[in-house]
Amino acid sequence: MKEKVASLVDKKIASLNLYVSDVYYSEEEGIKTLNIELDSEDVIDLNKVTEATKIINPIMDASNLIGDVDVLDIHSKSKGDDKDE
């Protein structure tokens, strides 16, 4: 899934110096969420996440990748958060 989402949005958000670092599903209290985690070599402030969200939302809506999720959550990767370790 990560590769599919990244191929759709990475070029579109490159001008913000952002890229997709992870994509995963989660569910809490019956609410299904598709999480798109963004990363950058720079500090990612809330304005960048907001701009990226405005770009990513319509792409994901048109892609039919969302499926039966209830929420699309686009957020920045926490510095020091390395899931590969």
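## Helix H1 and the model

Helix H1, residues 2–13, lies across S1 and S2 and runs at about 130° to S1. Helices (H or I, at least four residues) and strands (E, at least two) are DSSP runs numbered from the N terminus. Angles run from 0 to 180 degrees between N-to-C directions, with axes being lines fitted to C-alpha atoms, for helices over the stretch in contact.

This is a predicted model, in which local features need pLDDT of at least 70 and side-chain atom pairs count only at pLDDT 80 or more, while totals for chains, interfaces and linings use all residues. Residues are numbered from 1 along each chain as its sequence is written, and side-chain values use heavy atoms, with hydrogens and water left out.

Val5, Ala6, Val9 and Ile13 are the buried residues of H1; buried means under 20% relative accessible area, exposed over 50%, and partly exposed in between (1.4 Å probe, protein chains only).

Past H1, Ala14 lies in the loop between H1 and S1 and counts as partly exposed at 45% relative accessibility. Ala14 is 38 residues from Ala52 in sequence, and their C-alpha atoms are 9.6 Å apart in space.

## The sheet

Three strands form an open sheet of mixed pairing, in the order S1-S2-S3. Strand S1 (19–28) and strand S3 (71–76) each have a single partner strand and stand at the edges, so one side of each is left without a neighbour in the sheet. On average, neighbouring strands of this sheet are turned by 20° against each other, direction ignored. Strands count as paired if DSSP finds at least two bridges between them.

S1 and S2 pair in the antiparallel sense over nine bridges. Their hairpin has two residues between the strands, and Glu29 there takes a positive phi near 55°. S2 (residues 31–39) and S3 run parallel and are joined by six bridges. Helix H2 (residues 46–63) packs on the sheet and touches S2 and S3, its direction making about 145° with that of S3.

## Residues along the strands

Leu38 of S2 is the bridge partner of Val20, and Leu38 has Ser76 as its bridge partner in S3. Ile36 stands opposite Ile74 in S3. Seven of the nine residues of S2 are buried, so S2 is largely enclosed by the rest of the structure.

Ser21 is found in strand S1 and counts as buried at 14% relative accessibility. Leaving aside neighbours within four places in sequence, Ser21 is in contact with Lys2, Glu37, Leu38, Asp39 and Lys77.

## The nonpolar core

In soluble globular proteins, nonpolar side chains tend to be buried together. Here the largest nonpolar core has 21 residues, and those with the most contacts inside it are Val5, Val20, Ile36, Leu38, Ile56 and Met60. A nonpolar core is a set of buried Ala, Val, Leu, Ile, Met, Phe, Trp, Tyr and Cys residues joined through side-chain atoms within 4.5 Å. H1, S1, S2 and H2 are the elements that give two or more residues to this core, and H2 gives the most, with five residues.

Not counting residues up to four places away in sequence, Val5 touches Val20, Val23, Ile36, Met60 and Leu65.

## The salt bridge

The structure holds one salt bridge, defined as a side-chain nitrogen of Lys or Arg within 4 Å of a carboxyl oxygen of Asp or Glu. Asp68 forms a salt bridge with Lys32, and their closest N and O atoms are 3.1 Å apart. Asp68 lies in the loop between H2 and S3, while Lys32 is in strand S2, so the pair ties together parts that are 36 residues apart in sequence.

Asp68 counts as exposed, at 56% relative accessibility. Lys32 counts as partly exposed, at 32% relative accessibility.

Key
Contact means heavy atoms within 4.5 Å.
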